[in-house]
Amino acid sequence: LIKESDSKGLQGLFNNAAQSWNHAFYWNCMTPDGGGGQPKDGSPLLALITKSFGSFEKFKDDFAAAGNTAFGSGWAWLCY
């Protein structure tokens, strides 16, 4: 899809396909208990966030800014 849309000047096709994929991926990652809060103290994820951003609060601010300033629907991913 990337090569085809790029070679034919159909960037909008790629953008919409990517947003559709992000949306489906997002819903498939949901858990019954939700989430979104600070990782548990001592967890590897919190240690990496603190190392990279300085604090969990700074991470939340930077992550929200990334989503709010991204093209399209405002998707931002944290890969761990």
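A contact means heavy atoms within 4.5 Å. The model is predicted: local features need pLDDT of at least 70, side-chain atom pairs count only at pLDDT 80 or more, and totals for chains, interfaces and linings use all residues. Residues are numbered from 1 along each chain as its sequence is written, and side-chain values use heavy atoms, with hydrogens and water left out.

**Exercise 1. Describe the overall fold.**

Task: State how many helices and strands the protein has, and in what order the elements run.

Solution. 
- Step 1. Helices (H or I, at least four residues) and strands (E, at least two) are DSSP runs, numbered from the N terminus.
- Step 2. The protein has four helices and zero strands.
- Step 3. Reading from the N terminus, the order is α-α-α-α.

**Exercise 2. Account for burial.**

Task: What share of the residues is buried, and why do Asn22 and Gly67 count as buried?

Solution. 
- Step 1. Buried means under 20% relative accessible area, exposed over 50%, and partly exposed in between (1.4 Å probe, protein chains only).
- Step 2. Of the 80 residues, 12% count as buried.
- Step 3. Asn22 sits in helix 2 (residues 11-28). Asn22 counts as buried because its relative accessibility is 15%.
- Step 4. Leaving out residues up to four places away in sequence, Asn22 touches Trp75 and Trp77.
- Step 5. Gly67 belongs to helix 4 (residues 56-69). Gly67 counts as buried because its relative accessibility is 10%.
- Step 6. Gly67 and Gly12 are 55 residues apart in sequence, and their C-alpha atoms are 19 Å apart in space.

**Exercise 3. Sort the aromatic pairs.**

Task: How many aromatic pairs are there? Is the pair of Trp21 and Phe25 stacked or edge-to-face?

Solution. 
- Step 1. Rings of Phe, Tyr and Trp (its six-membered ring) pair if their centres lie within 6.5 Å; planes under 30 degrees apart count as stacked, over 60 as edge-to-face and the rest as tilted.
- Step 2. By this rule there are seven aromatic pairs.
- Step 3. Trp21 and Phe25 are stacked, at 5.0 Å centre to centre with 10 degrees between the planes.
- Step 4. Trp21 and Phe25 are four residues apart in helix 2, so about one helical turn separates them.
- Step 5. Trp21 is partly exposed at 48% relative accessibility, and Phe25 is partly exposed at 35%.
- Step 6. Tyr26 and Trp27 have ring centres 5.1 Å apart and planes at 80 degrees, so this pair is edge-to-face.
- Step 7. Tyr26 is partly exposed at 38% relative accessibility, and Trp27 is partly exposed at 48%.
- Step 8. One aromatic cluster is formed by Phe53, Phe56, Phe59 and Phe63.
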